[in-house]
Amino acid sequence: MTAGSGVARRGGRPLGGRSVLWLLLTAMLLAAAPAAAVTAGPPAAPRTAARPAAEPAARAPSCDPRRAGPRPSRVDGPAVRRIRERGHLVAGVDLNSYLWGSRDPWTREPAGFDIDLVRAIARDILGPKATVRFVGMPPSQRIARLQARQVDVVVRTMSITCERLADVAFSSVYFETGHQLLVAEGSGIKGFDATVRGRRVCLSKGSSAADLLRGSTTGAVAVETASHLDCLVELQQGNVDAVLTHATLAAGLVAQDPNLRLVGPRLDTSLYGVAMNKDDTDLVRRVNAVLEDYREGGARSPWMASYDKWLAPTLGAHPQGPPVAAYAD
């Protein structure tokens with residue numbers, strides 16, 4: 001089932017009115033949106049059959065995800081000039097993650113924490129009236145589209161990992177989170193432990209959750225879908241027993257369906273970064289300069305203003321504030 005369809009009920013129980021309105025309006029607007037406003041990716045890959053967890057992928061010999069990118073600079077290079085000559089920024093985003101990146105059903109504009117950051121990058125490069133072409137894509141397409149230069153940046157709750165650093169470049173960290181299990185009320189699953197043995201756990205194809213599940217000894221059965229929103233549909237319809245995703249993304253799902261809950265502790269630390277083509281070093285430095293300004297001011301920073309607007313109502317106050325930047329050079 002595609003994202004955004006069939007999510008109004010779970011187990012025969014209706015969702016809250018505003019959640020239903022948001023979901024229905026979002027689905028209609030995504031279907032009717034003009035290509036000039038938001039460009040969707042190719043059709044989502046069909047959900048694969050359940051399969052046992054495989055061995056984890058090999059890691060790069062050594063790396064430090066917290067120091068993935070070079071020091072900030074606003075010296076123009078070929079990548080920044082290419083964006084200026086084109087006249088707009090092309091950004092790969094998620095348009096199906098409530099609170100992070102989705103279509104506002106009233107304004108018809110992309111909105112969320114990641115979208116605010118994209119607009120800040122565009123304004124820095126192109127000026128206060130900057131325009132952005134938002135390209136919606138599932139996690140499995142992020143790296144390929146950057147390598148093919150179909151997008152300039154990917155700002156899509158993308159974790160910096162040693163494996164991904166072999167294929168793309170990342171900015172400094174702009175958000176910290178971790179994976180957690182999402183289940184329905186009344187579930188017997190207590191956490192990422194023996195209670196998931198033999199149970200069907202849904203995750204997004206190409207996400208870092210896939211590596212986490214493959215490397216576990218829980219005996220859970222992986223069910224892959226195109227996105228975590230498709231996993232929400234599967235969970236609501238009883239086709240899977242749990243969803244494994246970032247706690248931050250799960251918070252958006254709980255906001256849509258209060259019959260769901262997070263269980264167990266966070267399983268790891270995931271560091272979100274802005275991803276770019278490995279050859280676009282000048283753009284990476286430019287984005288890091290934008291992030292320096294975005295974090296500056298602590299509790300009064302643009303970063304905190306965006307957090308308070310989108311995430312605080314669900315995740316609560318953020319006592320640490322923006323993550324501290326660190327660089328590779």
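1. A word before you start: what you are looking at is a predicted model. The values below are computed from it, and the residue numbers run from 1 along the chain.

2. Let's begin with the cysteines. A search of the whole structure turns up 2 disulfides. Counting bonded cysteines along the chain, they follow the pattern 1-2, 3-4.

3. One of these disulfides joins cysteine 63 and cysteine 162, with sulfur atoms 1.8 Å apart. The pair connects distant parts of the chain: cysteine 63 sits in the loop between strand 4 (51-52) and helix 2, while cysteine 162 belongs to helix 5 (residues 162-165), 99 residues apart. The torsion about their S-S bond is about -85°, so this disulfide is left-handed. The surroundings of the two cysteines are worth a look as well. Cysteine 63 has a relative accessible area of 33%, so it counts as partly exposed. Cysteine 162 has a relative accessible area of 3% and counts as buried, because the cut-off for that is under 20%.

4. The pair of cysteine 202 and cysteine 231 also forms a disulfide, and here the sulfur atoms are 2.1 Å apart. It too links distant parts of the chain, with cysteine 202 in strand 14 (residues 200-204) and cysteine 231 in helix 7 (residues 228-236), 29 residues apart. With a torsion of about -80° about the S-S bond, this disulfide is left-handed. Cysteine 202 and cysteine 231 are both buried.

5. Now for the nonpolar core. The largest one has 41 residues, and those with the most contacts inside it are Phe113, Tyr174, Phe175, Val274 and Leu283. Which elements give two or more residues to this core? They are helix 2 (78-86), strand 5 (89-93), helix 3 (113-126), strand 9 (132-136), helix 9 (281-295) and helix 10 (302-310). Helix 3 gives the most, with 8 residues.

6. Helix 8 (residues 247-256) deserves a point of its own. Of its 10 residues, 8 are buried, so the helix is largely enclosed by the rest of the structure.

7. The largest cavity has a volume of about 160 Å³. Its lining is made up of 17 residues, and Ser204, Ser207, Thr245, His246 and Leu249 lie nearest its centre. Helix 6 (208-214) and strand 16 (242-246) are the elements that give two or more residues to this lining. Strand 16 gives the most, with 3 residues. By residue type, the lining divides into 4 nonpolar, 10 polar and 3 charged.

8. Finally, a look at glutamate 296, which lies in the loop between helix 9 and helix 10. Is glutamate 296 buried or exposed? At 56% relative accessibility it counts as exposed, because the cut-off is over 50%. Leaving out residues up to four places away in sequence, glutamate 296 touches Ser301 and Pro302. Glutamate 296 and proline 322 are 8.6 Å apart in space, C-alpha to C-alpha, and 26 residues apart in sequence.

Note on methods: This is a predicted model: local features need pLDDT of at least 70, side-chain atom pairs count only at pLDDT 80 or more; totals for chains, interfaces and linings use all residues. Side-chain values use heavy atoms; hydrogens and water are left out. On a 1 Å grid over the protein atoms alone, a cavity is a set of points where a 1.4 Å probe fits but cannot get out, and a pocket is an open set with protein on both sides within 12 Å along at least five of seven lines; lining residues have an atom within 4 Å of a point. Grid points are joined across faces, edges and corners, and a volume is the space filled by probe spheres set on the points. Helices (H or I, at least four residues) and strands (E, at least two) are DSSP runs, numbered from the N terminus. Ala, Val, Leu, Ile, Met, Phe, Trp, Tyr, Cys and Pro count as nonpolar, Asp, Glu, Lys and Arg as charged, and the others, Gly among them, as polar. A nonpolar core is a set of buried Ala, Val, Leu, Ile, Met, Phe, Trp, Tyr and Cys residues joined through side-chain atoms within 4.5 Å. Buried means under 20% relative accessible area, exposed over 50%, partly exposed in between (1.4 Å probe, protein chains only). A disulfide is a pair of cysteine sulfur atoms within 2.5 Å. Contact means heavy atoms within 4.5 Å.
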